[in-house]
Amino acid sequence: MATLPIQTVSANPTNLLASIDMGTNSFKLLTVQFNPSTGKFLHLNRLKEPVVLGRQTASAAAAADSQLRAIEALKAFWSFLQTHGIHRHRVVATAAVRESGNQAEFLRRVRDEVGFEVEVLSGEEEARLIYLGALQFLPIYEKTALVIDIGGGSTEFLLGQKGKVIFGTSVKLGHVNLTQKFVNNNEILQMRSHIRSILRQCGIVDKIKHYGFEIAVGSSGTVQSIERAVFSGFSHNVVNNNGPSCEGFGRDWRFSKEKLRMLVERLCGGGGEAIGRARRDQFFKRRSEFIVAGAVLLDEIFEMLDIKEMEVSGYALGEGVVAEILLQVCDNYDFNANARWGSVVRLGTRLLGMKKMGMAAQCANIAKVIFEGLRKCNMLAETENKVKISVSWNDKDLEYLEAACMLHNIGLVNGEKGYHKQSQSIITNGDHLYGYSSEEIELIALLARHHRKKFPKPNHKSLKEFSEEVKEKFRMLCAIVRISIAVQKLRGLNIQGMEFSYSHEGFKLIISERNDQSLLPGIVLLAEDDETALTKELGHFQKNPRNHHLHT
């Protein structure tokens, strides 16, 4: 009998890219893997360094110690990109560098000592990219959206609709410079007056009222911290530091003008003593030093622009830079088409946080390699009249698979006991997933539920409404989810370099050990228990013992 040649599908390193945002308060590195056909992207890593370039004033030259911190942070980012084979990247700088008197010297040092070519964004360009980032997270494409991003050295305002900018500007009001000038001197009333004066003088109030807006969106870390404080009960001095519980399934990142005002009262209503307490409070973590200025600034913006409620985007400048790159490399990139996938990311991010979502994204990436490998093998088997898998898959099946991987453990928000059932409940109950039919949501929810514990039999009661063909497809997808989760836990392996191959021997998922020692904290190498668990999951997938092998 003639044998099939070895055919390989791999995790393509050319589909990796990164953005670096050199902000006034911190530098951020974002790495993603993208689908070149659709432009859909998954977060892989998000690193942050608290450089605080603008600690003196927003317009002063960066101090020597700040420059040193900046250079060291960028060197760490450069090393990370080289280690992970990410060569397509874009580095942008915002207010602190934009307003710096020694900008040219600093950029030369970055180029010579690190190797990055830095693009200094204008305020208007920064606002536009933030809007592009928000479009990837919220289904606001059709709406006239007012996007506000409070940074350390400036605040960006943009009105946009359908991906087009109506009006955008940057105002020199940031939480770092306001803290240095007013909060440190306990001059809250003076700070409010200053904010109102600047907003009136720049003409932004009249322009925004002239155009109008349907929805207000906040995209910065400051806005996210305010929403978290509101949701967690910080305003009422009743804080749930464990995050959302079962009562939080309906949480939809937004807050009202009244809730914001209550938070501001809690932060600084008692004068200097309250301000000092807020800054010492560990609830806001690294942002504690600047949260008073950021909250008061947003409170004044709400008042002057007559904002009743604000939605919060988990994506901002970094994702906007990624979207800009994808516009250039993906032929059919469509901002609006990504809103559906964005709702999956949004739900997971709200309940798990960015760090855990990064691990979920790795799981989805593994699942995609297996799925594409099996689909390609089926195509080859048809052309060569060989035995093939009993089901045929399409792009929507891949989307369901990836969505289930992204959301399989969101039930952990309510504890470990029975969390797989909680994941199903959260996905099914509530209008969380945008653009999916009820049948699609049910399928994703069931895949999430059955990612652990007993593997579902064909006659399982949860599958009774499915046709025999869909049942078989579901069980195959479920097996891939379970294998992907097991592989993702083997963090000492080079997942980005994995390959799925098909030959006369059957299917093989080939993963090599990582050669470098740059493992992140908490990562452990392959353990015997992990390999046993993976072998068990492979047993669900194979009908014939010779069909599936794992090499590590």
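**A tour of ring contacts and salt bridges**

With ring centres paired when they lie within 6.5 Å, the count comes to 10 aromatic pairs. The model on display is a predicted one.

Select Phe-137 and Trp-253 to begin. Their rings form a stacked aromatic pair, 6.1 Å centre to centre with 20° between the planes. Phe-137 lies in the loop between helix 4 (123–135) and strand 7 (145–150), and Trp-253 in the loop between helix 8 (221–232) and strand 11 (254–256), so the pair ties together parts that are 116 residues apart in sequence. Phe-137 counts as buried because its relative accessibility is 0%, under the 20% limit. Trp-253, at 9% relative accessibility, is likewise buried.

Proceed to Phe-371 and Trp-393, a stacked pair with 4.8 Å between centres and 25° between the planes. Phe-371 belongs to helix 14 (residues 354–383), while Trp-393 is in the loop between helix 14 and helix 15 (395–407); the pair therefore ties together parts that are 22 residues apart in sequence. Both Phe-371 and Trp-393 are buried.

Next, display Phe-41 and Tyr-315 together with Phe-137 and Trp-253: ring pairs link these four residues into a cluster.

Two charged side chains over rings come next. Select Lys-40, which lies over the face of Trp-341 at 4.4 Å from the ring centre. Then select Arg-228, placed over the face of Phe-283 at 4.2 Å from the ring centre.

The tour now turns to the salt bridges, of which the structure holds 31. Select Arg-108 and Asp-112, whose side chains meet at 3.4 Å, N to O. Arg-108 and Asp-112 are separated by about one helical turn, because they are four residues apart in helix 3 (residues 103–113). Arg-108 is partly exposed, at 38% relative accessible area, whereas Asp-112 is exposed, at 51%.

Move to Arg-254 and Glu-311, a salt bridge with its closest N and O atoms 3.2 Å apart. This pair links distant parts of the chain, with Arg-254 in strand 11 and Glu-311 in strand 12 (residues 309–312), 57 residues apart. Arg-254 is partly exposed, at 32% relative accessible area; Glu-311 is buried, at 14%.

Arg-340 is in helix 13 (residues 338–352) and Glu-440 in helix 17 (residues 438–449), so parts 100 residues apart in sequence are tied together. Arg-340 and Glu-440 are both buried.

Finally, select Arg-192, Arg-196, Lys-257, Arg-261, Asp-299, Glu-300 and Glu-303, which salt bridges link in a network.

Terms used: Residues numbered from 1 in each chain as written. Predicted model: local features only at pLDDT ≥ 70, side-chain atom pairs only at ≥ 80, totals over all residues. Heavy atoms only, no water. Phe/Tyr/Trp six-rings, centres within 6.5 Å; stacked < 30°, edge-to-face > 60°. Helix = DSSP H or I, 4+ residues; strand = E, 2+ residues; numbered from the N terminus. Buried < 20%, exposed > 50% of the residue type's maximum accessible area, 1.4 Å probe, protein only. Lys NZ or Arg CZ within 6 Å of the ring centre and 35° of its normal. Salt bridge = Lys/Arg side-chain N within 4 Å of Asp/Glu carboxyl O.
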